[in-house]
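The following exercises concern a single protein structure.

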Amino acid sequence: MSRLIVIIGLVLPWVAQAQAISEKYPIESVQFVGLKKTKASYLSSLLRLQDVGAIDETAIAQWERLLLNQAIIYDLSYRFDTIGNSRQLIFDIKEAKTLFPILNFGGIRNNFWYQVGFNDINWLGRGMQLSAFYRNNDRRHNFNVFYRVPQIGQSKWGTAMSVLKWASVEPLFFSEGTVIYNYDNWSFGSSLYYQFQHNQQLEIGVNYFVESYEKLAEQTFQNSPGPDAFEQPKWLGKLRFHLNNINYNFHQLDGFDNNIILETVYNTIDQNWFFIIWNDLRYFQQFGERSNLALRLRLGISSNQDSPFAPFVLDSNINIRGSGNRIDRGTAQAILNLEYRYDFWVSERFPVVCQGVGFVDFGTWRKPGGVLSDLVQAENIRPFMGGGIRLIYKNAFDTSLRIDYGVDVRNSNERGFVLGFGQYF
């Protein structure tokens with residue numbers, strides 16, 4: 001008899017808990033406590049609370065994870081409150097810092113670049129993004145202004161607009177050899193976004209841009225081919241699908257996301273089209289509380305394979321660390337970045353982490369006029385390795401001071417550093 005009482009005593013709490021978990025909670029309202037900048041109406045529309053009714057623990061857990069994956073929130077908890085005959089679900093929110101300066105710089109031999117600006121990912125408290133920066137690259141002036149509205153009213157639609165002025169020194173490839181040009185690009189773009197689900201988004205965009213080229217007086221050989229100067233107005237149409245299955249645990253990430261992008265470019269002078277398709281995959285695996293494995297694989301190919309004005313650029317700022325500025329161009333590319341991140345110091349008094357990073361980067365490309373087998377040719381593969389330090393502020397999204405130093409495994413003269421804010425990818 002006593003054994004039966006013990007068994008009942010063990011089983012009944014488990015049954016009651018199971019019933020509680022599966023129980024539907026009649027919720028009159030959802031409240032957000034602790035908001036300073038973010039509007040409660042924005043979070044309500046994000047969770048689509050227009051028709052709040054009976055919900056269960058599974059639905060609440062999904063809401064909790066959705067909110068935690070927003071860059072504007074770094075931590076939260078929830079509780080229930082009963083007032084009279086009504087029941088409220090209350091989220092206690094800890095908002096993340098969302099307005100930050102942009103400060104990046106790096107350098108290799110004979111070239112130093114820097115970038116200054118600001119980025120607000122919760123402008124007006126509604127999850128909108130407003131950013132602007134100035135960049136000096138190859139001693140040339142660049143700037144960008146970007147504005148994005150993630151959600152128009154209560155709909156699943158969003159929009160974005162941008163203005164970009166980019167200037168750099170570019171290598172163009174002819175059969176006689178490489179010719180160096182000053183390159184300028186004025187670009188005006190806009191996009192529409194549609195949110196299928198919270199982690200699935202479609203973007204439809206259009207850009208009008210004008211590219212200008214001016215041959216430099218100093219070249220590597222005499223009687224260099226190509227025009228002295230020319231200008232190309234172009235239209236670009238873009239279709240992008242983004243699948244995001246990354247969970248954010250402060251600065252640690254777990255899961256994957258994938259961007260597949262199809263672009264078509266129309267040259268108004270030559271009246272011809274070419275297409276670009278590329279895929280960007282990121283994968284993160286968290287081990288314990290201190291270790292993070294991070295991987296990015298970028299694949300791209302274009303149809304204008306005979307043009308010296310190849311769309312894919314290999315440089316140290318975008319895809320391969322320490323390789324220098326604008327080392328090559330291609331009409332197809334494969335980039336692999338692999339990082340191991342380890343928190344070797346975590347402050348007990350402040351939300352600050354010091355993280356060490358070891359990385360390996362591989363890049364390869366198809367030259368203009370080449371074939372796909374160029375991608376596996378040894379002379380086209382650039383292997384880099386190196387290490388870096390991150391000083392991370394946990395209470396904000398992707399807020400870290402980053403210092404990386406990389407060296408070409410096959411040519412130690414190709415090396416350099418990149419310093420900036422945020423993780424490399």
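**Exercise 1.** Determine which strands each supply at least two residues of the nonpolar patch.

*Solution.* Step 1: strands are DSSP runs of E with at least two residues, helices are runs of H or I with at least four, and both are numbered from the N terminus. Step 2: β14 (252–267) and β15 (272–287) each supply at least two residues of the patch. Step 3: the largest share, 3 residues, comes from β15. Step 4: the patch as a whole covers about 1100 Å² of surface, and among its members are Ile260, Leu262, Trp273, Phe275 and Ile277. Patch members have over 30% relative accessible area and no salt bridge; like charges are joined within 9 Å, and nonpolar side chains (Val, Leu, Ile, Met, Phe, Trp, Tyr) within 5 Å. A salt bridge here is a side-chain nitrogen of Lys or Arg within 4 Å of a carboxyl oxygen of Asp or Glu. Accessible areas follow the Shrake-Rupley method with a 1.4 Å probe, and for residues only the protein chains shown count as cover.

The model is predicted: local features need pLDDT of at least 70, side-chain atom pairs count only at pLDDT 80 or more, and totals for chains, interfaces and linings use all residues. Residues are numbered from 1 along each chain as its sequence is written, and side-chain values use heavy atoms, with hydrogens and water left out.

**Exercise 2.** Decide whether Trp273 is buried or exposed.

*Solution.* Step 1: Trp273 lies in strand β15. Step 2: buried means under 20% relative accessible area, exposed over 50%, and partly exposed in between (1.4 Å probe, protein chains only). Step 3: Trp273 is exposed because its relative accessible area is 54%.

**Exercise 3.** Identify the buried residues of helix α2 and what covers them.

*Solution.* Step 1: in α2 (residues 40–47), the buried residues are Tyr42, Leu43, Ser45, Leu46 and Leu47. Step 2: their cover includes β2 (29–33), α3 (57–68), β4 (73–83) and β5 (86–95). Step 3: just after α2, Arg48 adopts a positive phi of about 55°.

**Exercise 4.** Describe the surroundings of Thr399.

*Solution.* Step 1: Thr399 sits in the loop between β21 (382–393) and β22 (400–408). Step 2: Thr399 counts as buried because its relative accessible area is 14%. Step 3: leaving aside residues up to four places away in sequence, Thr399 touches Phe100, Leu391, Ile392 and Tyr393, where contact means heavy atoms within 4.5 Å. Step 4: Phe421 is 22 residues from Thr399 in sequence, and their C-alpha atoms are 6.5 Å apart.
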